[in-house]
Amino acid sequence: MFIPKLYRSEDYNVMREIIRDNAFALLISSVDKIRATHSMMMLNEDDPDHIYIETHISKANPQAKTLKNGDEVLCDFLGAHTYISSSWYDHINVSTWNYEAVQIHGKVELMNNEELYAHLEKLTNKYEKFQKCPVLVKDMGKEFVEKEMKGAFGIKVIPTEIFIKQKLSQNRKEKDYQNIISHLENSDEQGKKIAEKMKLNKN
């Protein structure tokens, strides 16, 4: 990911937020050819000194049939994003797009059955807790879950490089910056998110 210095972030809290709020991300590999799968991802921070991404895809997926321990992959997370109209500036310029993104390059480490079970348990707990009548892994029965696991390919991605990008109109003068925020606050949900990010970025 190309990141001009102005938009580069080293803030791991920003990374955590983007991954947490945009967990349905792309797993990209190029073992035999370029392959990409949208999958649910989680940041494992059980050991703060050795964080990693955990995810799973279908064993029937051609990507699963090619990946092995040590292969290089890319996890691509797109955060909040929105169109920025040049009509919001006080001068002639081009329109653009504001957004946040995280890309994690890493090495594959295949999950064993115990790790995959724990991964599915955590993933289910994360999303089922908001349901009126949550169905957790523990409610499904170990035998049923283990049977379903036979179709899942679980992997850990151990980071080798982490890139965090926040393109939030940092190159604009104060008057245009505030005008962009004003317009975004009256736009859609994504626009409002970026407006909030821009306000926080000024503090």
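Tutor: Let's go from the whole chain to single residues.

Tutor: This is a predicted model, so local features need pLDDT of at least 70 and side-chain atom pairs count only at pLDDT 80 or more, while totals for chains, interfaces and linings use all residues. Residues are numbered from 1 along each chain as its sequence is written, and side-chain values use heavy atoms, with hydrogens and water left out.

Student: How many helices and strands does the protein chain have?

Tutor: Helices (H or I, at least four residues) and strands (E, at least two) are DSSP runs, numbered from the N terminus. Here the protein chain has 7 helices and 7 strands, and from the N terminus on they run β-α-β-β-β-α-β-β-α-α-α-β-α-α. The C-alpha atoms fill a box of roughly 65 × 45 × 30 Å along the principal axes.

Student: What share of the residues in the protein chain is buried?

Tutor: Buried means under 20% relative accessible area, exposed means over 50%, and partly exposed is in between (1.4 Å probe, protein chains only). In this chain, buried residues make up 41% of the 203 residues.

Student: Which residues touch the most other members of the largest nonpolar core?

Tutor: The general idea is that in soluble globular proteins, nonpolar side chains tend to be buried together. A nonpolar core is a set of buried Ala, Val, Leu, Ile, Met, Phe, Trp, Tyr and Cys residues joined through side-chain atoms within 4.5 Å. The largest one has 22 residues, and Leu27, Ile53, Cys75, Phe77, Val102 and Ile104 touch the most other members. Elements that each supply at least two residues of this core include helix H1 (12–21) and strand E6 (96–110). Apart from this core lies another, of 12 residues, among them Ala80, Leu168, Ile181 and Met198.

Student: At what angle do H6 and H7 pack?

Tutor: Axes are lines fitted to C-alpha atoms, for helices over the stretch in contact, and angles run from 0 to 180 degrees between N-to-C directions. H6 and H7 pack at about 145 degrees, with their axes 8 Å apart.

Student: Is leucine 123 buried or exposed?

Tutor: Leucine 123, in helix H3 (residues 113–128), is buried, with a relative accessible area of 9%. Leaving aside its neighbours within four places in sequence, leucine 123 is in contact with Met40, Met42 and His56. The C-alpha atoms of leucine 123 and methionine 40 are separated by 8.2 Å, although these residues are 83 apart along the chain.

Student: Where is glycine 141 found?

Tutor: Glycine 141 is in the loop between helix H4 (137–140) and helix H5 (142–149). At 27% relative accessibility, glycine 141 counts as partly exposed.

Notes
Contact = heavy atoms within 4.5 Å.
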